[in-house]
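This report describes selected features of the structure displayed below. Please consult the sequence and coordinates alongside the text.

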Amino acid sequence: MIIPHPLLGPRDAQEFTYLGDAGLINRPYWLSEDAARAFHDYLYLRDNPAGQHRELWFHEQGDRSWLVVTRDTTSHEILSVELARDVALARRSVA
Amino acid sequence: MNQTHRLSGGQIDRDRVLNFTFDGQAYKGHAGDTLASALLANGVRLMGRSFKYHRPRGVISSGSEEPNALVELRTGARQEPNTRATVAELYDGLTAQSQNRWPSLAFDALGVNDLFSNFLTAGFYYKTFMWPRAFWEKFYEPIIRRAAGLGSLSMEADPDAYDKGFQHCDLLIIGAGPAGLAAALTAGRNGARVVLADEDFTFGGRLNAEVEEIDGKPARLWAADTVAELKALPNVRLMRRTTVLGAFDHGIYAALERNADHLAVPEADMPRQTLWRIYARQSLLCAGATERMIAFQNNDRPGVMMAGAMRAYANRWAVTAGRQVAVFTNTDSGHRTARDLAALGVEVVGVIDSRPSATALGDYPIFAGAQVIDAKGKLGLTGVTLRRSDGRTQTLACQALGVSGGWNPNVSLTCHQRGRLVWNDQIASFVPGGTLPQGMRSAGAAAGHFSTAQALQSGIEMALAALDSLGLKTTPLPCPRAEDGAYEVTPLWYVPEGKGRKWLDFQNDVTVKDVKLAHQEGFRSVEHLKRYTTLGMATDQGKTSNLGGLAVMAEATGQSIAETGTTIFRPPYTPVALGTLAGRAAGKGFKPTRLTPSHHWAVEQGAVFVEAGLWLRAQYFPRKSETHWRQSVDREALAVRKSVGVCDVTTLGKVDVQGADAAAFLNLVYANGFAKLPVGKCRYGLMLREDGIVMDDGTAARLAEDHFVVTTTTANAGPVYRHMEFVRQCLAPEMDVQLISTTEAWAQFAVAGPNARAVLTRIVDPEHDLSNAAFPFMACGEITVCGGLRARLFRISFSGELAYEIAVPSRYGEALIREIMAAGEAFDITPYGTEALGVLRVEKGHATANELNGQTSADHLGMGRMVSDKKEAIGAVLSRREGLNDPAGLRLMGFEALDGSTTLPAGGHLFATSAPQQGVSEGWLTSVAYSPHLGKSIALGFLERGQARLGEVVTIANPLQGQSLTARVVSPHFIDPEGERLRG
């Protein structure tokens, strides 16, 4: 696969390490009342869709950016790529 | 023997005679020959034995689809089994051996299988070797293994090099026949970056095998002229001897280039083969078509071959497999063979055409509406029997029969991304469907366009379409004039007459009857058919046989072939040597070796090394008088506790953390607190995974308000850095903090023992006060050594002694170890390796990878109280789960042997002495060492309710070695539990 890196352009997927569902960015608040339950769900309950999937890739042999790649798991078509930090910051500004 | 079957003409260099041997017999051929063409030229038709029945077989094709003519090529370490004689280029001195026969090709003892063929039908192995179960491994498997498999390995190391290469292009053209050449010319002249790859050693594809004209000149000359023009274009790369093996995601292709297979030995520094990774914005499949067989009784006799191959051997290689030849066909293609061979002076005894309306293309006997019903000649064809349209049988004497059942487009690559094929009635075959791999198109025969004119036209059109899709400006090319005959085929998959075996898959010995049997037994889906009969599962992937098998199944089920469907084509298109896939990543090249800064010095000291991940670390430093590693290790460990030792600890991971929020960041990453760590101090840090399990540990040293250096374990340097970047970018994006790995940037040495300070005082520049008051336990700072060299000093201790770790830029590491050794001479400083390091840390109860095994919580390690509940930290919330904090759960404990002669076994399982040693144990030993200080074997391990069982004697079960030992449960801190030494 080729991942279009937002800063570096098209890069071979071999340069990346895969982590999984981008929901891992949405870490629960540690002092919330149901923190134990929330962390359990955050860590263990993830969708595994056949189709569009937002997932985390680490450019380990590159600039060490974490990326959020939106990929169709049935065709490997890559629909969008964002810097994970931007996604995380946008989430903060909404919250 | 002379080249008795050589004809006139051809594209061989008759001035260059090449000597070669086959099964020890010497022959001669010419430059431009393949092994197959050269053998045929010498009258050799018998080239191999079949896989299952050991039937005598000859070559049936002239290309990479060959299922029969598989040989062992070369001898010694370069011997390669299962080489297709049809693609093995002849070179002077070539040696080849036939396979799958004993004692000789003409007389093969296992040919007896053929007599039992009624018992060896489809599913034979599944049905026969089922019982008794006890026979599976000891009896059946060895027998099957001996009988199975084609060819043999030399069992010697491959002396050749294999490379990997990377290319980028606008348009990858796969196949250089008329369509590929026309496409390459179109794209090349329009300035696109083109890669043209063809598996043959000569470009031109079928143009080299046919007698026809393009633009008024012989087609092969048009091909040669076109190649000459393409060679002159700087934007076109021509890759002959290159097979495109697979189409992968996003326009990535794998291609195998055979750089040196046409030479006896690769030239100096030349790889034997190169595996290319081609990034193509667009691609065009011009892979041509493969001719298919018509199955009839004994259609596997040596001498029976594809009509197109027979024509190629005659026109390109000036060879005929027999003085008298016949052709069996259901298309006009077979008639071209008869015409061309007759023109070359070969006696064509007849063309048997199953179509009643067939007419001859030249001066040869034609049997329209007839079918071949049998072939004679066990070791070589002597004649064929046909059923004429008038119902009579007739026998024709001949030594070769060309068969044409029609042509199948080579669509394999279009399916590598799960593309589905479409049935085309006109050619009675499958053509590429609507969903091709990204950016791929097909042209020429691969797309079902069988005339040369159509191939040229579609090549031009598709190249233009590809360039258009890239937004490149294009000017069309005039289409050259060429043969444009209509292709007509009346499908005939097998001849119904005759009770004998009619062969579909030559390589796996699958017959029409086998397919019918599969149907009868319910294996009707194509995927079941394939696996039950092994149709198409040989190394040729059924290129010549799949469709025939599907047709028989379709007939049996009453469905159309389109409804029956095909199995899925997968990469690689042709077999690939494992060495090619490995490339340079073999032997020592498989993974890099990382050397510590003191490595060369340690070699001088006679150190014994051990692999730690990619690192080579000194394991111990034996002295001449020492004959056992334990003597060295005991001496080193004792020296550290008695005086002073030095150890290279560069391999520990180091991460530089800088920024205004560096402390807050570490506070989040580590379970224990870091916010209040003063500048100039170090702290032990416990890092958890989000699920509460311990990920790693290390120390963090605060060099400045906004600057920390943290260490990781050697093994986790990469994963911990990745994790820290995840936390920084994804969980704490608002923090002002930057990370960089500096593992390679700093050489670091532990100097440990009561005299450590005295040694370092001689190295550290005098303005830095190392006294206990000025630089106490857990102090850190940036200093200079040896007269101004910048360094970092950490007063941390893994050994439990007064100890420091001193770091200098890596390039000074070797100099520093020599300085330290010189400075320590007065104290008999002792270099120690990883073994003594392990002894010292077990004596102090420090956890390492054995204990941080991905299953243990802070509580298990006795560090539960370190997990702060006053702050947010990764893993803190879930570390408080009940199951991870069960008072009856595992706890890291120390264990000591009851006497000096017992050696505790690592991995031994723990049981109460009163309990039976079976079922679930109460824990296990993780690390063991012989403590020279205590004079006995000690261990760390996890034990249920460990903290409540101090003093208890437990049983250690080691069933692997039939051992059952006892040990006492003690504190994991064997030496100086109060930590007075390290504070001194």
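## Contact between chains A and B

In this predicted model, 21 residues of chain A are in contact with 16 residues of chain B. On the side of chain A that touches chain B, the elements giving two or more residues are α1 (35-44) and α2 (84-94) of chain A. The largest share comes from α2(A), with 5 residues.

By residue class, the side of chain A that touches chain B divides into 14 nonpolar, 2 polar and 5 charged residues.

## Helix α10 of chain B

Helix α10 of chain B spans residues 512-520. Its buried residues are Val512(B), Lys513(B), Asp514(B), Val515(B) and Ala518(B), a set that includes the charged residues Lys513(B) and Asp514(B).

After α10(B) comes Gly522(B), which has a positive phi near 95 degrees.

## Helix α17 of chain B

Helix α17 of chain B, residues 662-669, is mostly covered, with 7 of its 8 residues buried. The buried residues are Ala662(B), Ala663(B), Phe665(B), Leu666(B), Asn667(B), Leu668(B) and Val669(B).

Which elements of chain B cover the buried residues of α17(B)? They include the strands β35 (653-658), β36 (682-688), β37 (694-704) and β38 (707-712), together with the helix α18 (717-731).

Technical notes
Residues are numbered from 1 along each chain as its sequence is written. Chains are lettered from A and ligands numbered from 1 in the order in which they are written. This is a predicted model: local features need pLDDT of at least 70, side-chain atom pairs count only at pLDDT 80 or more; totals for chains, interfaces and linings use all residues. A residue is buried if 20 or more other C-beta atoms lie within 10 Å of its own, exposed if 12 or fewer, and partly exposed in between; C-beta atoms are placed from the backbone. Helices (H or I, at least four residues) and strands (E, at least two) are DSSP runs, numbered from the N terminus. Two residues are in contact if their C-beta atoms, placed from the backbone, lie within 7 Å.
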